[in-house]
Amino acid sequence: MRNLALAVTLSVLATVSGTASAKADCKAYPKAEWMKEADAKAKIESQGYKIDKFKVDGNCYEIYGSNKDGKKVEIYYDAKTLEPVKTEIKQ
């Protein structure tokens, strides 16, 4: 019984840790080709998002904020084209 409980616990931990660390896979471009951060922020805000945090994550721009409906979002963008690569909306 202990072995079964341990196996279930390890399985759950692996699933949770795998989900929590899942990142977006953005295409790598030379930094000179990236959209300027100020331009990226302005474009994202013009789409109705409120940005609480803007950062570079690997080859992506990433924001934490809220959408026009007030729901919290985490969005990864292609740093050159500003196309969304991965979007998470919290309920």
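## Strands E1 and E2

Lys50 has Ser66 in E2 as its bridge partner. This pair belongs to a predicted model. E1 and E2 run antiparallel to each other and are joined by seven bridges. The two strands make a hairpin with two residues between them. Within that turn, Gly58 has a positive phi of about 65 degrees.

Gly65 is one of the residues involved, standing opposite Val73 in E3.

E3 covers residues 72–78 and pairs with E4 over five bridges, in the antiparallel sense. Here Val73 stands opposite Ile89 in E4.

The four strands form an open sheet with antiparallel pairing, in the order E1-E2-E3-E4. Its edges are strand E1 (50–57) and strand E4 (84–89), each of which pairs on one side only. From one strand to the next, the twist averages 15 degrees.

## Helices and overall layout

The protein contains two helices and four strands. Read from the N terminus, the elements follow the pattern α-α-β-β-β-β. Helix H2, made of residues 37–46, lies across E1, strand E2 (60–66) and E3. The helix runs at about 140 degrees to E1.

Of the 91 residues in the protein, 27% are buried. The accessible surface amounts to about 6,400 Å², and carbon and sulfur atoms account for 55% of this area. Of the contacts between residues at least 6 apart in sequence, 34% join residues at least 24 apart.

Where does Gly48 lie? Gly48 sits in the loop between H2 and E1. With a relative accessible area of 31%, Gly48 counts as partly exposed.

Which residues does Gly48 touch, leaving aside its neighbours within four places in sequence? The contacts are with Ser66, Asn67 and Lys68. Ser66 is also the bridge partner of Lys50. Asp69 is 21 residues from Gly48 along the chain, and the C-alpha atoms of these two residues are separated by 8.9 Å.

## Confidence of the prediction

The average pLDDT of the protein is 83, and 76% of the residues score at least 70. Over residues 3–21, the pLDDT is below 50. Beyond near neighbours in sequence, this stretch has zero contacts in the model.

Note on methods:
Residues are numbered from 1 along each chain as its sequence is written. This is a predicted model: local features need pLDDT of at least 70, side-chain atom pairs count only at pLDDT 80 or more; totals for chains, interfaces and linings use all residues. Side-chain values use heavy atoms; hydrogens and water are left out. Buried means under 20% relative accessible area, exposed over 50%, partly exposed in between (1.4 Å probe, protein chains only). Contact means heavy atoms within 4.5 Å. Accessible areas come from the Shrake-Rupley method with a 1.4 Å probe; for residues, only the protein chains shown count as cover. Two strands pair if DSSP finds at least two bridges between them. Axes are lines fitted to C-alpha atoms, for helices over the stretch in contact, and angles run from 0 to 180 degrees between N-to-C directions. pLDDT is the predictor's confidence in each residue, from 0 to 100.
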